[in-house]
Amino acid sequence: MKHGSLTDLSRLCIHTITTKPLDIETAIDKYAALGVSGITVWRDAYGKFKPRQIGEMIRKSGIEPVSLCRGGFFPSVTRSNREAAIADNIAAIEEANEMGMPLIVLVCGADPGQSPETSRDQIRDGIEAILPRAAELNVKLAIEPLHPVYADTRSAVNTMKQANDMAGYFNSPWLGVAVDVYHVWWDEDLQSEIIRCGQANRLFAFHVCDWKVPATDILLDRGIMGEGCIDIRRIRQWVNQAGFNGFNEVEIFSEIHWKTNQDEYLKRIIEAYRLYV
Ligand code: ZN
């Protein structure tokens, strides 16, 4: 076996968004049948089910609940929007608790009507407002830095350093960082910031997919591992060196792959997982 390669699926988690055409019940069944070990549920995937029912389905399947995606989107030039975001994040924490999800991923948000610095101040205020409820319900929060191409509307937290600094400001066991290779692979400080994150016990999640060359749509044309230019295994090894022993979560947004047969696609994902993660 090649050094560092993954021989089994015991750390493979799939995000429901990856197989967006499948309803939640079907997704859970198919993941379980293929030996997938963990699931991250997106809030748009509930369908007719309540979070508590989804939690029961997951437990029955034997798959481990990994995280709920997503909270965040705190900044806005409008106060009423910022207050609505906090209420929505509190709702997400309660949903995670009902579902038995130990973690919520935060896509922190940004408003192009103000500076990234102001957006980051509002992100800090938003986290401050929700962190006590997260701690009370035993739900951890992970700041996911997003590639700077998303700094206009999706996140003013764009590097691992910014995410580590933000988490360090709070210094809470309930707040950490989610490393997504798609967003951070280009960063010259990536290895040192991953190690810094791990040493502070704040490395809460690891997401994988690939950056296609060229990507025709920066949001919805993400690749299966191996389809693009990211050396995923190298980053995964840094994450492991940093002490992370959680799941490798496959999170792919792709109009192309969503149009394909999802059984074939899931098989391709598992094959790619063995080869490239
Ligand atoms: Zn992610």
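Predicted model: local features only at pLDDT ≥ 70, side-chain atom pairs only at ≥ 80, totals over all residues.

Colleague: Where does Glu193 lie?

Modeller: Glu193 is in helix α7, which covers residues 190–199.

Colleague: Is Glu193 buried or exposed?

Modeller: Buried. Its relative accessible area is 9%, and the cut-off for buried is under 20%.

Colleague: Which residues is Glu193 in contact with, leaving aside neighbours within four places in sequence?

Modeller: Met160, Lys161 and Asn164. With Asn164 there is a side-chain to side-chain polar contact at 2.8 Å. The Glu193 side chain also makes a polar contact with the side chain of Arg196, again at 2.8 Å.

Colleague: Switching topic. How many residues does helix α10 have, and how far does it reach?

Modeller: Helix α10 runs over residues 262–276, so 15 residues. From first C-alpha to last it reaches 20 Å, close to the 21 Å expected.

Colleague: Which residues of α10 are buried?

Modeller: Gln262, Tyr265, Leu266, Ile269, Ile270, Ala272 and Tyr273. Down the axis of α10 they fall within an arc of 165°, so they line one face.

Colleague: Why would residues three or four places apart point the same way?

Modeller: Because an α-helix has 3.6 residues a turn.

Colleague: And what covers the buried residues of α10?

Modeller: The cover includes β1 (12–15), α1 (24–34), β8 (248–250) and α9 (255–258). On the other side of α10, Glu271 and Leu275 are exposed.

Colleague: Last one. What caps the N-terminal end of α10?

Modeller: Asn261 does. One of its side-chain oxygens lies 2.8 Å from the backbone nitrogen of Asp263.

How values were computed. Residues numbered from 1 in each chain as written. Heavy atoms only, no water. Helix = DSSP H or I, 4+ residues; strand = E, 2+ residues; numbered from the N terminus. Buried < 20%, exposed > 50% of the residue type's maximum accessible area, 1.4 Å probe, protein only. Polar contact = N/O pair within 3.5 Å; in protein donor to acceptor, adjacent residues only side chain to side chain. Contact = heavy atoms within 4.5 Å. Expected span 1.5 Å × (residues − 1). Arc of directions from axis to C-beta.
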